[in-house]
Every structure is written in structure tokens, then in C-alpha cells.
Amino acid sequence: MALTAIIEAHGGPEQFKLVDRNVGEPGNGEVRIAHKAVGLNFIDVYQRTGLYPMQLPHAMGMEAAGVIEAVGEGVTHLKVGDRAAYASNPPGAYSEARVMSAAQVCPLPDGISFEEGAAMMLKGMTVEYLFHRTSPLKSGDTVLFHAAAGGVGLLACQWARSEGITLIGTAGTDEKCQLAQDHGATHCLNYRSGDWVAQVRSLTGGKGVDVVMDAVGKDTFDGSLDSLKPLGMMISFGNASGPVPPFDVGILGKKGSLKITRPTLFTHIGDHETCQTMAQNLAAKVLRGDVKINIGQRFALSDVAKAHEALEARKTTGCTVLEI
């Protein structure tokens, strides 16, 4: 049996229930993993509220780290006793243990702690695909990254610095802006204290940025388009302020033949080999010290509702983990 956080209806953090669930044995292509730490992400909020609907009741959570307890037939990249971490569908990481497909479970090097592993997989592999697979970037390119002091943002700041990419971040307070700059952002703008679009234009000599990476959604979408240089790429990969409303695609031509995409991590990691390669690239960054995993908050599994309240209220910095 494993203590597991589930929801039976979409809604607020009060919907969480803790139940004991039978874990069972892994089948073909599956593993059983005993969690040591679990990561929280904004996609968890979207699923809980119903923005991303799920068939209910359902366990929650998309990433965790722990130890492999059992291995089903056909699994060759993991064995019993291995340290491992993952970001994966379907949800179910908010638990003491689970049986799951092995394809997206990745070996966790000894030099990375369980907490770091739980906090880095979804966010870190998101940064990996944003920088190297969606619109491949090179040294000297300029990126506008919204919510730069969040879990994904602080990793992106460090990733950009390690590769010679100029990153202009945005955040909601001067303190968060300073945090982003401490982690490698070249500049960070407090979007509550001025015209951040004009400031982006000023910082780029009026040209605009090569790429915008925007997980905020509705509140920043128009300004993001106005921050791009001609032929620039808009990457919309989240909805923290709500989904982007419908828009006239013709506006992309009027604003400079802009490009736009709405990628997801789960498309990229759907292929086993790609997922393992992305995880290896991320681990290499962490082991070299290019990227440090900033865990700003820790909660007990029993306090998962409080963790979600803090996440939604934008009271968190860096990564948030549940301790098992």
C-alpha cells in the first residue's frame, strides 16, 4: 500500500484527498518505484482545476525521484536498486510508490540528490527542448523569458548563461528579478513597474528578441509578440495567467512574419530514446555545475494542498518538492 494524493473533482486545493492504494507488481515494460521526493509543477494546477481535464478520480503529480523496487519484463535500462527520476504521463507521482511505464523513467546519477532529481526532470527537460529542439539557439542569440524566477525560469537563466545566450527575464517583484539575475539572466524586468515591452526594445537596440519563451499565457501574449524581431519565434508553453484567447493569425504577418508554436514536453519525451537523451543532457548540465537546482520550498506529502496554494499565489521561488 502507498499513500497517494488524488482528486475526485476538479477545483481548488481543497479537492485533494490522501488515500492508501495498492501498488501491485510491474507488468511488461513497467517498473515499481519507491519515491523519495516529488516535484510540483504548474501543469499540476492546470490538471487539478480542470483546465487540462482528466478522467476522475485520478492520482496527481508528474515528476518524482526514488529507487526501483521491481522491474517487469522487457525493461533493460533499469534494474532493482537503481536510483531513478522521471517526468511522465499519466499523473500519479504524488505518492509513496507507484507502478508505471519504464520508458520515461531515467537513471539518476549518484552526484544528483533525490530532491534535485525530483525537482529537475519536468522543468529541466522543458528547458532542454526549448533551447535545443523547438527553435535551436546559439551563442549570441537573445531570448525573452517570462516568469524567470520560477522553477523553469531559474533553470533557463542558468542554461542561457552556460551557452552564451542573452536572456531577458520578467518577474513580478524586484526581489524576483534579482534572483533571476543571480542565476544568469542578463537583464530582468519587473513587469509591474513599467512598460516591459518598451524596455525589451530598448535593451535590444530597437530590434527585438530572437525568441520569446512564454509560460504565462493570456497576460503576456500580446506584449510577447511585440517584443520579437522580424521572423522571430514565439514559443507559448504555458497558461499561468489563463489560456491565450483566439487571435487573428494574420497579425503574425503584420508584426514581421513572426512564427508561433505551442509545444509540450510530453510530445518530445514520448519517444523513449529521445527522453533518455534529454535526461542525459540535463544531468550533464547539473553534474558540471552549469545548472544548479534551486529548491525554494519543501512540503510533506500530507501538505500537498498547502503546496498548491503557495504555487498558485506566486509565493514560491525556484522549485517546490514534496518530501516522502
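This is a predicted model: local features need pLDDT of at least 70, side-chain atom pairs count only at pLDDT 80 or more; totals for chains, interfaces and linings use all residues.
## Helix α3

Let's start with α3, whose end C-alpha atoms lie 17 Å apart, in agreement with the 16 Å that its 12 residues should span at 1.5 Å a residue. Of those 12 residues, 10 are buried, so the rest of the structure largely encloses this helix. Among the buried residues are Leu 154, Leu 155, Cys 157, Gln 158 and Trp 159, along with Gly 151 and Gly 153.

After α3 comes Gly 164, with a positive phi near 70°.

## Helix α9

Helix α9 runs over residues 272–288, and its 17 residues reach 24 Å from the first C-alpha to the last, close to the 24 Å expected at 1.5 Å a residue. Its buried residues are Cys 275, Gln 276, Met 278, Ala 279, Leu 282, Ala 283, Lys 285 and Val 286.

Those residues pack against β8 (105–107), α2 (114–134), α3 (151–162) and α8 (265–268). Here, too, a glycine with positive phi follows the helix: Gly 289, near 85°.

Glu 163 and Lys 285 join their side chains in a salt bridge, 2.9 Å from N to O. This pair connects distant parts of the chain, since Glu 163 sits in the loop between α3 and β10 while Lys 285 belongs to helix α9, 122 residues apart. Lys 285 has a relative accessible area of 6%, so it falls under the 20% limit and is buried.

## Other salt bridges

The total count is 15 salt bridges. One of them pairs Arg 32 with Glu 25, with the closest N and O atoms 3.0 Å apart. Arg 32 is buried at 16% relative accessibility, whereas Glu 25 is exposed at 61%. Both residues also belong to a salt-bridge network with Glu 69.

Another bridge brings together Arg 133 and Glu 128, at 2.7 Å from N to O. Glu 128 is buried, with 1% relative accessibility, and Arg 133 is partly exposed at 33%.

## Thr 220

Finally, have a look at Thr 220, which is placed in the loop between β12 (209–214) and α6 (221–226). Leaving aside residues up to four places away in sequence, Thr 220 touches His 146, Trp 196 and Asp 214.

Technical notes: Residues are numbered from 1 along each chain as its sequence is written. Side-chain values use heavy atoms; hydrogens and water are left out. Helices (H or I, at least four residues) and strands (E, at least two) are DSSP runs, numbered from the N terminus. The expected span of a helix is 1.5 Å times one less than its number of residues. Buried means under 20% relative accessible area, exposed over 50%, partly exposed in between (1.4 Å probe, protein chains only). Contact means heavy atoms within 4.5 Å. A salt bridge is a side-chain nitrogen of Lys or Arg within 4 Å of a carboxyl oxygen of Asp or Glu.
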